[in-house]
Amino acid sequence: MLTLENIDAGYGPTTILQDVSLDVKEGEIVTIVGANGAGKTTTLRTIVGQIKPRAGKISFMGEDITRLPAHEVVDRGIILVPEGRQLFPDMTVRENLQMGTYRKAARDNQEQRLEEVLSLFPRVRERLDQNASSLSGGEQQMVAIARGMMAKPRILMFDEPSLGLAPIVVSQVFDVVRQIAATGTTVLIVEQNVFTTLKVAHRGYVLENGRVVLADTSEALLKNDHVRRAYLGI
Amino acid sequence: MTTFLQVLLNGLMLGGLFAIVAIGLTLIFGIVKVVNFAHGEFLMAGMFVTWLITTRLGLHPYASVIIVVPMMFLLGALTQRLLIQPLMSAEDDHVQIFATVGLSTAMINLALLIFGADIANTPNFGLRTPIEIGPVRVLTGQLYIFIAAIILVIALQLFLKNSQTGRAIRAVAQHRVAAELMGVNVPRIYILSFGLGAACVGLAAVLIAPLYPTSSNIGTYFVLTAFVVVVLGGLGSIPGAFFGALVIGLVDSLSGFYIGSDLREAVVFGIFLLILILKPSGLFGKRMTLSHLS
């Protein structure tokens with residue numbers, strides 16, 4: 001469904017990703033794990049068109065999307081729930097969710113869509129008419145995910161959804177990710193929380209210094225010596 | 001007492017005038033984050049076109065709104081697309097400021113070339129006729145400007161609040177990167193917003209032309225005050241610009257009458273300095289964080 005072939009990318013003169021290849025099949029939950037600065041966020045921003053790769057090819061549903069501007073990538077149903085929530089601070093929660101439906105394919109039946117999404121997030125429903133900036137970090141993360149869901153994603157990408165959240169909220173976030181995947185939405189998730197993420201995902205890629213050093217099923221990665229030593233502290 | 005009421009009313013009317021000029025300026029700044037130093041020259045261009053239409057076609061000046069507003073929209077949109085957008089990737093934001101200063105100078109000289117240094121008087125079609133409200137009097141044209149300013153503020157707020165495009169504009173203003181992730185074509189929103197801001201000053205031009213003589217440097221006269229208004233109201237806030245304009249209008253009128261007309265500007269700009277020192281975010285100013293600007 002989504003394929004990256006030999007991607008090189010970075011910011012300005014700095015190269016971050018080197019020769020990154022990965023693929024995500026329809027209905028899968030795939031994770032990219034790695035340390036801070038390994039290039040996980042850069043990978044997602046490159047997929048979504050906010051960073052133009054220097055080399056390599058990105059294709060989605062058979063179409064080459066390497067050079068498309070971000071809004072056109074999003075229009076194809078590739079939705080990113082960004083790191084640090086990135087809500088619209090002076091909009092209400094409802095307006096934030098409405099922004100999720102900006103993509104053409106998501107504009108019909110907004111009310112029904114809102115009901116479906118809110119059924120996953122009861123807390124968000126209570127906050128609908130509050131300003132997004134007045135919510136707690138965990139609530140904001142739920143709104144960010146709900147906003148992504150409103151876009152009817154064909155693939156939903158999460159960038160560090162558990163970052164900065166209390167442990168109990170982290171497990172709620174992962175529950176939501178599991179529920180979203182259960183509805184058939186394809187998920188690509190980037191996390192530093194390696195153990196929990198591998199428990200949720202089918203397959204994983206390990207990114208170190210901008211390169212894919214391991215790619216395998218989650219069970220295999222959880223048993224892998226390098227992964228256990230470097231990321232699980234076992 | 002009547003004098004005081006009259007001075008107060010003059011102040012309010014002046015405030016309406018400042019407001020209608022400042023709304024477009026604050027709109028562009030709030031969304032595109034560019035201070036358009038050519039805003040006054042946009043006003044001047046609109047006034048000259050109003051003058052041309054009124055004198056050559058013999059139409060009521062207000063009729064030229066059908067031409068001037070779309071024309072100014074186009075001018076604003078083109079300014080963003082051809083001048084500002086190529087500079088947006090520049091490492092230094094000041095480049096955009098210099099670009100609009102340059103545009104301002106170019107427009108003033110272009111106007112001198114086309115219209116000469118003479119003053120162009122737009123026929124006023126009775127818009128300078130005073131009407132009496134109780135003991136005080138006001139020019140009909142001034143009253144229309146005041147009403148138009150109120151309608152414009154409300155219409156813009158409704159558009160920004162309730163339409164899909166308006167919401168996208170606010171989203172871009174609040175968090176450009178996140179708006180992009182929602183599928184918003186950010187460069188297009190900038191073009192649209194610059195066009196809208198210029199269209200607002202186009203409306204101002206049509207309404208002001210019958211009351212003030214048009215000349216190549218008329219823009220500077222109005223826009224300096226508009227900057228004070230925009231800073232007082234809080235950069236980017238439309239209701240802020242409106243109420244800021246009323247405050248400045250009242251200050252201008254009261255100080256002109258009770259302190260001395262020579263000192264009006266000193267008082268107005270004294271207030272400007274005080275705001276910058278005491279409350280740089282203005283009356284209605286939102287905190288301007290880096291996340292707003294990135």
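Here is a short chat about a predicted model with chains A and B.

Colleague: Let's start with the interface. How large is the area buried between chain A and chain B?

Modeller: Keep in mind that this is a predicted model. In it, 25 residues of chain A are in contact with 20 residues of chain B. Carbon and sulfur atoms give 57% of the buried area, and that area comes to about 2200 Å².

Colleague: Which three residues supply more than any other three of the area that chain A buries against chain B?

Modeller: The area buried between the two chains is about 2200 Å². On the chain A side, 29% of what that chain buries against chain B comes from one trio: His71(A), Asp90(A) and Tyr102(A).

Colleague: Now Glu95(A). Is Glu95(A) buried or exposed?

Modeller: Look for it in helix α3 of chain A, residues 93-100. The cut-off for buried is under 20% relative accessible area. Glu95(A) has 7%, so it is buried.

Colleague: How many nonpolar residues does the contact of α5(B) with α8(B) have?

Modeller: From α5(B) come Ile145(B), Ala148(B), Leu152(B), Leu156(B) and Phe159(B), and from α8(B) come Leu196(B), Cys200(B), Leu203(B), Leu207(B) and Ile208(B). No polar and no charged residues take part, and the nonpolar count is ten.

Colleague: What about α2(B) and α9(B): how are they placed relative to each other?

Modeller: Helix α2 (residues 39-57) and helix α9 (residues 218-233) of chain B have axes that come within 8 Å and cross at roughly 130°. The crossing is right-handed. With that angle, α2(B) and α9(B) are therefore oblique to each other.

Colleague: How many charged residues does the contact of α2(B) with α9(B) have?

Modeller: On the α2(B) side the contact includes His39(B), Glu41(B) and Met44(B), and on the α9(B) side it includes Thr220(B) and Phe222(B). By class there are six nonpolar and four polar residues, and the charged count is one.

Colleague: Over in chain A, how is α4(A) placed relative to α6(A)?

Modeller: Helix α4 (residues 110-120) and helix α6 (residues 137-150) pack at about 140°, with axes 10 Å apart. That angle makes α4(A) oblique to α6(A).

Colleague: Which residues of α6(A) does α4(A) meet?

Modeller: α4(A) passes α6(A) in a right-handed crossing. Gln110(A), Arg113(A), Leu114(A), Val117(A) and Leu120(A) are the α4(A) residues in the contact, and in α6(A) they meet Ala146(A), Met149(A) and Met150(A).

Colleague: Last, the backbone. Is Glu160(A) buried or exposed?

Modeller: Glu160(A) lies in the loop between β7 and α7 of chain A. Its phi is near 50°, a positive value in a residue other than glycine. Its relative accessibility is 4%, so Glu160(A) counts as buried.

Colleague: And what is the phi of Phe125(B) near?

Modeller: Phe125(B) is in the loop between α4 and β1 of chain B, and at 44% relative accessibility it counts as partly exposed. Phi here is positive in a residue other than glycine, near 45°.

Conventions. Residues numbered from 1 in each chain as written. Chains lettered and ligands numbered in written order. Predicted model: local features only at pLDDT ≥ 70, side-chain atom pairs only at ≥ 80, totals over all residues. Heavy atoms only, no water. Axes fitted to C-alpha atoms, helices over the stretch in contact; angles between N-to-C directions. Helix = DSSP H or I, 4+ residues; strand = E, 2+ residues; numbered from the N terminus. Parallel < 35°, antiparallel > 145°, perpendicular 65-115°, else oblique. Left-handed = near helix turned anticlockwise from the far one by under 90°. Contact = heavy atoms within 4.5 Å. Buried < 20%, exposed > 50% of the residue type's maximum accessible area, 1.4 Å probe, protein only. Buried area = accessible area lost by both parts, 1.4 Å probe. Nonpolar A, V, L, I, M, F, W, Y, C, P; charged D, E, K, R; others polar.
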